[in-house]
Amino acid sequence: MFFFFFGHDNGAAGAFKEAVKAENATYETIAARIGVSHGAIKKFVAGRPPSGDLLKKLISGFPPDRGLKILIAHLNDEIDRAGMDTDELHVIKKSPNTYVI
(Lines give C-alpha, C1' and ligand atoms only; values in the text may rest on other atoms or scores of the structure.)
Protein backbone atom coordinates (compact mmCIF):
# COMPACT_ATOMS: atom_id res chain seq x y z
CA MET A 1 0.00 0.00 0.00
CA PHE A 2 1.18 3.55 -0.63
CA PHE A 3 -0.26 6.97 -0.08
CA PHE A 4 -0.30 9.75 -2.62
CA PHE A 5 0.12 12.78 -0.42
CA PHE A 6 3.08 14.85 -1.53
CA GLY A 7 3.25 18.20 -3.23
CA HIS A 8 -0.23 18.85 -1.86
CA ASP A 9 0.48 22.04 0.06
CA ASN A 10 1.35 23.84 -3.15
CA GLY A 11 -1.10 22.04 -5.41
CA ALA A 12 -0.42 21.10 -9.01
CA ALA A 13 0.70 24.62 -9.88
CA GLY A 14 3.23 24.48 -7.06
CA ALA A 15 4.54 21.11 -8.22
CA PHE A 16 4.81 22.53 -11.75
CA LYS A 17 6.73 25.58 -10.50
CA GLU A 18 9.14 23.30 -8.62
CA ALA A 19 9.69 21.21 -11.77
CA VAL A 20 10.38 24.33 -13.85
CA LYS A 21 12.81 25.64 -11.23
CA ALA A 22 14.60 22.28 -11.01
CA GLU A 23 15.30 22.48 -14.74
CA ASN A 24 16.39 26.13 -14.64
CA ALA A 25 13.73 26.74 -17.27
CA THR A 26 11.08 29.38 -17.83
CA TYR A 27 7.37 29.02 -18.42
CA GLU A 28 8.00 30.09 -22.01
CA THR A 29 10.59 27.37 -22.67
CA ILE A 30 8.41 24.70 -21.06
CA ALA A 31 5.35 25.86 -23.05
CA ALA A 32 7.34 25.64 -26.29
CA ARG A 33 8.76 22.22 -25.36
CA ILE A 34 5.35 20.68 -24.61
CA GLY A 35 3.51 22.43 -27.43
CA VAL A 36 1.13 24.72 -25.55
CA SER A 37 0.75 28.47 -25.37
CA HIS A 38 2.45 30.55 -22.74
CA GLY A 39 -1.04 31.80 -21.83
CA ALA A 40 -2.20 28.26 -21.01
CA ILE A 41 0.73 27.87 -18.63
CA LYS A 42 0.04 31.25 -17.01
CA LYS A 43 -3.63 30.34 -16.44
CA PHE A 44 -2.64 27.00 -14.92
CA VAL A 45 -0.06 28.61 -12.61
CA ALA A 46 -2.67 31.21 -11.58
CA GLY A 47 -4.96 28.40 -10.40
CA ARG A 48 -7.11 27.34 -13.35
CA PRO A 49 -7.47 23.55 -13.42
CA PRO A 50 -5.76 22.09 -16.49
CA SER A 51 -7.68 20.44 -19.31
CA GLY A 52 -6.99 16.75 -19.80
CA ASP A 53 -4.77 17.53 -22.78
CA LEU A 54 -2.75 20.15 -20.90
CA LEU A 55 -2.35 17.82 -17.92
CA LYS A 56 -1.00 15.04 -20.15
CA LYS A 57 1.49 17.44 -21.72
CA LEU A 58 2.57 18.84 -18.35
CA ILE A 59 3.17 15.34 -16.98
CA SER A 60 5.03 14.05 -20.04
CA GLY A 61 7.06 17.25 -20.41
CA PHE A 62 9.21 16.46 -17.39
CA PRO A 63 11.19 13.48 -16.12
CA PRO A 64 8.87 10.81 -14.64
CA ASP A 65 9.45 11.74 -11.00
CA ARG A 66 8.53 15.39 -11.58
CA GLY A 67 5.62 14.53 -13.84
CA LEU A 68 4.26 12.16 -11.20
CA LYS A 69 4.43 14.89 -8.56
CA ILE A 70 2.40 17.18 -10.82
CA LEU A 71 -0.17 14.44 -11.43
CA ILE A 72 -0.52 13.54 -7.76
CA ALA A 73 -0.80 17.18 -6.75
CA HIS A 74 -3.51 17.61 -9.42
CA LEU A 75 -5.41 14.61 -8.04
CA ASN A 76 -5.24 16.10 -4.56
CA ASP A 77 -6.51 19.42 -5.95
CA GLU A 78 -9.48 17.63 -7.54
CA ILE A 79 -10.22 15.73 -4.33
CA ASP A 80 -10.27 19.05 -2.48
CA ARG A 81 -12.55 20.60 -5.12
CA ALA A 82 -14.93 17.67 -4.66
CA GLY A 83 -15.10 18.44 -0.95
CA MET A 84 -13.44 15.22 0.12
CA ASP A 85 -10.79 14.76 2.78
CA THR A 86 -7.52 13.39 1.41
CA ASP A 87 -6.50 12.17 4.87
CA GLU A 88 -9.13 9.44 4.58
CA LEU A 89 -8.09 8.16 1.13
CA HIS A 90 -5.56 5.40 0.59
CA VAL A 91 -4.41 3.89 -2.68
CA ILE A 92 -3.72 0.16 -2.90
CA LYS A 93 -1.85 -1.28 -5.86
CA LYS A 94 -3.65 -4.43 -7.02
CA SER A 95 -1.63 -5.14 -10.18
CA PRO A 96 0.81 -3.23 -12.41
CA ASN A 97 -1.96 -1.06 -13.87
CA THR A 98 -4.74 -1.32 -11.30
CA TYR A 99 -5.14 0.76 -8.16
CA VAL A 100 -7.98 0.86 -5.65
CA ILE A 101 -8.85 3.98 -3.67
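I started with Glu78, which counts as partly exposed at 31% relative accessibility. The model I am reading is a predicted one.

**Entry 1. Glu78 and its partner**

I looked up what the Glu78 side chain meets, and found a salt bridge with Arg81 at 2.8 Å, N to O. Both residues are in helix 5, and they are separated by about one helical turn because they lie 3 residues apart there. Arg81 is partly exposed as well, with a relative accessibility of 48%. I noted the general point that side chains of opposite charge can pair when their charged atoms come close.

**Entry 2. The chain as a whole**

I then stepped back to the overall layout. I counted 5 helices and 2 strands, and along the sequence they run α-α-α-α-α-β-β. The chain has 101 residues, of which 33% count as buried. I wrote down an accessible surface of about 6,200 Å², with 55% of this area belonging to carbon and sulfur atoms. For contacts with a separation of 6 or more, I found that 55% are between residues 24 or more positions apart.

**Entry 3. The other salt bridges**

How many salt bridges does the structure hold? I found 4.

One of them joins the side chains of Arg33 and Glu23, at 2.9 Å from N to O. Arg33 is in helix 2 and Glu23 is in the loop between helix 1 and helix 2, so this pair ties together parts that are 10 residues apart in sequence. I have Arg33 as partly exposed at 44%, and Glu23 as partly exposed at 26%. Glu23 and Arg33 also belong to a network of salt bridges that takes in Arg66.

Another bridge is between the side chains of Lys57 and Asp53, with 3.5 Å from N to O. These two sit in helix 4, residues 52-60, and their spacing of 4 residues is why about one helical turn separates them. Lys57 is partly exposed with a relative accessible area of 25%; Asp53 is partly exposed at 46%.

**Entry 4. Asn24**

I went back to the loop between helix 1 (11-22) and helix 2 (27-34), where Asn24 lies. Asn24 is not a glycine, yet I read a positive phi of about 50° for this residue.

**Entry 5. His74**

Next I looked up His74, which has its place in helix 5, residues 64-81. Which residues does His74 contact, leaving aside its neighbours within four places in sequence? I listed Ala12, Pro50 and Leu55.

**Entry 6. Negative patch**

Last, I checked the surface for a patch of negative charge and found one made by Asp80, Asp85, Asp87 and Glu88. Asp80 is in helix 5, and I noted this residue as partly exposed, with a relative accessible area of 40%.

Conventions:
Residues are numbered from 1 along each chain as its sequence is written. This is a predicted model: local features need pLDDT of at least 70, side-chain atom pairs count only at pLDDT 80 or more; totals for chains, interfaces and linings use all residues. Side-chain values use heavy atoms; hydrogens and water are left out. Contact means heavy atoms within 4.5 Å. Patches are made of residues with over 30% relative accessible area and no salt bridge: like charges are joined within 9 Å, nonpolar side chains (Val, Leu, Ile, Met, Phe, Trp, Tyr) within 5 Å. Accessible areas come from the Shrake-Rupley method with a 1.4 Å probe; for residues, only the protein chains shown count as cover. Lys and Arg count as positive and Asp and Glu as negative; His and the chain ends are not counted. The place of a charge is taken as NZ of Lys, CZ of Arg, CG of Asp or CD of Glu. Buried means under 20% relative accessible area, exposed over 50%, partly exposed in between (1.4 Å probe, protein chains only).
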